[in-house]
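Hi,

Here is the structure I promised to pass on. Have a look at it first, and then read my notes below.

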Amino acid sequence: MKEQLIKAMQCNQFVNMMYVSKSGIVTKRRIEIIKIVGDSFQVFCFTRHAKRTFTINNVLAVVPVLHKEREVI
């Protein structure tokens, strides 16, 4: 999983991530990876519109975003 995150960060690619929190709640997040340090990584989370830090071991899946969705006004 760490290799996929590093590749996405190096390519400045947005990814959709399935993540399980410490309390066991599974969430889907669209993120841009800022940096990876040890067993955690810092991202900009488009779901929360804020910077967040996640643990690599809690990532269930990472899927690259191939195209941006259009906004509806």
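A quick definition before the tour: strands here are DSSP runs of E, at least two residues long, numbered from the N terminus, and two of them count as paired if DSSP finds at least two bridges between them. Also keep in mind that this is a predicted model.

Strand 1 and strand 2 form it, with five residues between them, and Gly 24 in the turn has a positive phi of about 95°. The two strands are antiparallel and share seven bridges. If you want landmarks along this pairing, Val 20 stands opposite Val 26 in strand 2, while Met 17 has Arg 29 of strand 2 as its bridge partner.

Then comes the hairpin of strand 3 and strand 4. Four residues lie between the strands here, and His 49 takes a positive phi near 55°. Strand 4 covers residues 50–55 and runs antiparallel to strand 3, with six bridges joining the two. Ser 40 turns up again in this pairing, where it stands opposite Thr 55 in strand 4.

On to strand 5. It pairs with strand 1 in the antiparallel sense, over five bridges. Met 18 has Ala 61 in strand 5 as its bridge partner.

So how do the strands line up overall, and in what order? The five of them form an open sheet with antiparallel pairing, in the order 4-3-2-1-5. Strand 4 and strand 5 (59–64) are the edge strands, each pairing on one side only. From one strand to the next, the twist averages 45°. Helix 1 (residues 2–10) packs on this sheet, where it touches strand 1 (14–20), strand 2, strand 3 and strand 5, and its direction makes about 70° with that of strand 2.

Is strand 1 largely enclosed or open? Five of its seven residues are buried, so strand 1 is largely enclosed by the rest of the structure. Buried here means under 20% relative accessible area.

Met 18, Val 26 and Leu 60 make a nonpolar patch of about 250 Å². Val 26, which is found in strand 2, has a relative accessible area of 45% and is therefore partly exposed, since that label covers values between the 20% limit for buried and the 50% limit for exposed.

Happy browsing!

Key
Residues numbered from 1 in each chain as written. Predicted model: local features only at pLDDT ≥ 70, side-chain atom pairs only at ≥ 80, totals over all residues. Heavy atoms only, no water. Axes fitted to C-alpha atoms, helices over the stretch in contact; angles between N-to-C directions. Contact = heavy atoms within 4.5 Å. Patch = residues over 30% accessible without salt bridge, like charges linked within 9 Å, V, L, I, M, F, W, Y side chains within 5 Å. Areas by Shrake-Rupley, 256 points an atom, 1.4 Å probe, with all protein chains shown as cover. Salt bridge = Lys/Arg side-chain N within 4 Å of Asp/Glu carboxyl O. Buried < 20%, exposed > 50% of the residue type's maximum accessible area, 1.4 Å probe, protein only.
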